[in-house]
Amino acid sequence: MTTLDELRAAAALVHTVMPPTPQYCWPLLARRLGAELWVKHENHTPIGAFKLRGGLVYLDKLRRAEPRVRGVVAATRGNHGQSIAFAAQRLGLAATIVVPHGNSVEKNRATAGFGARLVEAGEDFQAALEYAAALAERERLHLVPSFHPGLMRGVASYALELFGAVAELDTVYVPIGLGSGICGVIAVRDALGLRTEVVGVVAAGAPCYALSFAAGAPISTNAADTMADGLAVRVPDPDALAMIRRGAARIVTVSDSEIRRAMRIMFADTHNLAEGAGAAPLAAALQERDRLQGKRVAVVQSGGNIDRALFAEVLAEAD
């Protein structure tokens, strides 16, 4: 179990690089939901997503433990790669980021902008991950996983900020990619001794964690078909799943149409841009509106990195 001292130490490191992100209670969203609704704005980090926190903590520990390491490699659909590229550049490490073919053009550009070597391989995240593992062995690079206790402790810093700012939250909705975000929220909730219900959110086209949660064992899928690239995972991490099964109340599955509607609502009601994964928690809260009446609820807006053309297409759609 991660201790509160460990979580606070990780947060202190994160805060040497970036300030805490805001959490706001937006009245128009609250009116839609029939509940007091807080948004944790992880779209306000220096990379536009929560993942930066994990990369900073993981690579700081790596550099201390292995001072001779010179290069790292990671697979990503975008935000994890930006995190590792940003943190590596700060420490003077070379970063190679592997993305699948057809990945977000603007996320790729941002990753390269942080100094990373960008490599395209495979048709989805899992294939990119397998390529990254082979590349790490071939070039003697350190392979940064997408789920790890160090990454989780880093991203948990947003949960420390949220629970410290908003007392007595009834429910928090968290998107699930490989699980560092929701596991971080669970770790902080438990370390603080709170009773807040933590609810995971997955895309209907990438349901491996929902299936695994229901079955009590890891279940992979043959594909991860969703516009929310941060949720497009088809092989769950066993350690993340075990923690989610112990600490989450349930996992809600949302369709791409619900995600796209939530993106429009977030923009209309708060003028904040949410990528698919960042809008999924709001979509889940709206789906569960009846059970949330009169409660104090938070949704984790995990990021705002979406290509301009896709966001324009989403905004143009009718509700």
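Reader: What gives the largest share of the lining of the largest cavity?
Author: This is a predicted model: local features need pLDDT of at least 70, side-chain atom pairs count only at pLDDT 80 or more, and totals for chains, interfaces and linings use all residues. The largest cavity has a volume of about 360 Å³. Two or more residues of its lining come from each of α4, β7 (171-175) and α8. The largest share, 3 residues, comes from α8.

Reader: How many cavities of 30 Å³ or more does a search of the whole structure find?
Author: A cavity is a set of points on a 1 Å grid over the protein atoms alone where a 1.4 Å probe fits but cannot get out. Points are joined across faces, edges and corners, and a volume is the space filled by probe spheres set on them. With a limit of 30 Å³ or more, the whole structure has 2.

Reader: Which residues are closest to the centre of the largest cavity?
Author: Lining residues have an atom within 4 Å of a point. The volume here is about 360 Å³. Of the 29 residues in the lining, the closest to the centre are K51, G177, L178, G230 and L231.

Reader: How many residues in the lining of the largest cavity are charged?
Author: Ala, Val, Leu, Ile, Met, Phe, Trp, Tyr, Cys and Pro count as nonpolar, Asp, Glu, Lys and Arg as charged, and the others, Gly among them, as polar. The lining has 13 nonpolar and 11 polar residues. The charged ones number 5.

Reader: What gives the most to the lining of the second largest cavity?
Author: About 40 Å³ of space lies in this cavity. Its lining is K51, G54, G55, H80, S83, S146, L151, V155 and S180. Two or more of these come from each of α3, α4 and α7 (149-165). With 3 residues, the most comes from α3.

Reader: Is H80 buried or exposed?
Author: H80 sits in helix α4 (residues 79-91); helices (H or I, at least four residues) and strands (E, at least two) are DSSP runs, numbered from the N terminus. Buried means under 20% relative accessible area, exposed over 50%, and partly exposed in between (1.4 Å probe, protein chains only). At 6%, H80 is buried.

Reader: Which residues is H80 in contact with, leaving aside its neighbours within four places in sequence?
Author: Contact means heavy atoms within 4.5 Å. Residues are numbered from 1 along each chain as its sequence is written, and side-chain values use heavy atoms, with hydrogens and water left out. Beyond those neighbours, H80 touches K51, A74, A75, V144, P145, S146 and L151.

Reader: What is the volume of the largest pocket?
Author: A pocket is an open set of points with protein on both sides within 12 Å along at least five of seven lines. This one is lined by 15 residues, with R77, T226, M227, D229 and L310 nearest its centre. The lining divides into 4 nonpolar, 6 polar and 5 charged. The volume is about 240 Å³.

Reader: At what angle do the axes of α1 and α3 cross?
Author: Axes are lines fitted to C-alpha atoms, for helices over the stretch in contact, and angles run from 0 to 180 degrees between N-to-C directions. Angles under 35 degrees count as roughly parallel, over 145 as roughly antiparallel, 65 to 115 as roughly perpendicular and the rest as oblique. The axes of α1 (residues 4-14) and α3 (residues 51-65) come within 9 Å and cross at roughly 105 degrees. That makes α1 and α3 roughly perpendicular, at roughly 105 degrees.
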